[in-house]
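Here's a protein chain to look over.

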Amino acid sequence: MSEDLVLAIDQGTTSTRAILFNAAGAVVASGRREHRQILPRAGWVEHDPLEIWDNVREVVALALSRADVTHANLAAVGITNQRETAVVWDRRTGEPIGNAIVWQDTRTADLVADLGGAVGPDRFREQTGLPLATYFSAPKVRWLLDHVDGARAAAERGDLAFGTVDSWVLWHMTGGADGGVHATDVTNASRTMLMDLRTLAWDAGLAEEMGVPLAMLPEIRSSAEVYGRGRPDGLLPGVPIAGMLGDQQAATFGQACFGVGDTKNTYGTGNFLLLNTGTEIVPSRNGLLTTVCYRIGDAAAVYALEGSIAVTGSLVQWFRDNLGVIRDAAEIEVLAAGVPDSGGAYVVPAFSGLFAPYWRPDARGAIVGLTRFVNLGHLARAALEAVAFQTREVVDAMAADSGVPLTSLKVDGGMVANELLMQIQADLLGVDVVRPRAAETTALGAAYAAGIAVGFWEGEADVAANWAEGGRWSPRMPAAERERRYRAWKKAVTRTFDWVDADTEP
């Protein structure tokens, strides 16, 4: 059989998917399974790593079965993953020492404050491009080593391995305890607070400050190279695993954002806006992250500025699952379309504090501007506007840092199916919003990286040639009205500050 397909494994915050792509970048078949969101207490979010690995195998089998193909049809496999989520496991048995601590988890707030000391959140920013925050991996690893009996001693002996979810999946796919490859790529490594952005290597000083033994860490590799091959007794025996990118960098790659200034925004559980800065490391003075965008083989690394927003799609899930006012996420568009505006109400979804550009772990969610006039439709509209307003804040910060004004915005992710949201976004940004024809840009980016590594695609030019516009929204709102609403939003955000203190934490 010919090797005419590339498989992408997309391990996300709420589900795992396997998607088969052909040479044109079109979806051939897919499989998907959700995993549990484990919430032991307020602010804690966990996943079961073994459940995730079981789901990876199941969705791969589903995709192959639905396409009526086998591993022999695959040129390569790419992996993309929820970033920052930390898994620690025993190298000898493959058993995790506890549940994975998810990127949204805030249990390390006190530890993060202690690490900052007198300097504060910017203590390690010059080396890592990141502010000290509960978002990133290293404090989560430190917490596990400090709270699981015997874990620190085992880590110092070299018995424990740490990885973001890409490393966990790769290790199992290539043999697990029997010779599995323990590696990660530069994009995921750049989210741990342990890698120096300039050297693209683990930094011993950072690891010591964080209390994470270097022996735990995976090897850092590029985003496109052959890391290993599928284990002989697995679903994909001998197939090269050749691409790894954190989910937002994968979406940037899948959107063909290869030029300096190219920008994309992914609307998922949270929103993540990345601007390509080329081979230049651009420090942020406006609350953004400096991160690795991708690295292809031995080529120079490409960097990006990123604005990370914690709660967007999960706000709609909250309306559905916690409030029970909608039965399906798509219903929020119908509700919101029934009113012309939010009736003066604003929803600020600081469920886990605020990420970019504020980095305020002390913030908590609020609904403000309520009057007796406000109904459920207004609140639904305010929820969609919250997604768009948060994106506007990040866009403004990005323009200030980069000096490059936004002229249009490429968008992807599950929420871009909501056409009302896309129009609201164009209105509140004042620029066109452009959706690609290919919806699965995150998985597609991982597939492209893997395919490039094995010669299935020639390089970035093939990716750009495959990209095509699928929808466009132009602003309709008068500029004065746009700015009036934005000022009110900024006022609403300040109402969420300083909520968490010793009296309010459970």
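## Salt bridges and the overall fold

D498 is exposed, with 58% relative accessible area. Keep in mind that this is a predicted model. The partner of D498 is R360, and their side chains form a salt bridge with 3.0 Å from N to O. This pair ties together distant parts of the chain: R360 sits in the loop between β19 (346-348) and β20 (366-368), while D498 is in the segment after α16 (479-494), 138 residues away. R360 itself is partly exposed, at 22%.

Why can such pairs form? Side chains of opposite charge can pair when their charged atoms come close. The structure has 38 salt bridges, and here are some of them:

| Pair | Closest N to O distance |
|---|---|
| R392 and D396 | 3.2 Å |
| R485 and E481 | 2.7 Å |

R392 and D396 are four residues apart in helix α12 (residues 376-402), so about one helical turn separates them. R392 is buried at 9% relative accessibility, whereas D396 is partly exposed at 33%. R485 and E481 are also four residues apart, in helix α16. There, R485 is buried at 12% and E481 is partly exposed at 23%. Elsewhere, shared partners link R83, E84, R191, D247 and E306 into one salt-bridge network.

Now zoom out. The chain has 16 helices and 23 strands. Its radius of gyration is 22 Å, close to the 23 Å from the globule rule for 506 residues, so the chain is as compact as a globular protein of that length. Buried residues make up 61% of the chain.

Definitions and conventions. Residues numbered from 1 in each chain as written. Predicted model: local features only at pLDDT ≥ 70, side-chain atom pairs only at ≥ 80, totals over all residues. Heavy atoms only, no water. Helix = DSSP H or I, 4+ residues; strand = E, 2+ residues; numbered from the N terminus. Rg over C-alpha atoms; globule rule 2.2 N^0.38 Å. Buried < 20%, exposed > 50% of the residue type's maximum accessible area, 1.4 Å probe, protein only. Salt bridge = Lys/Arg side-chain N within 4 Å of Asp/Glu carboxyl O.
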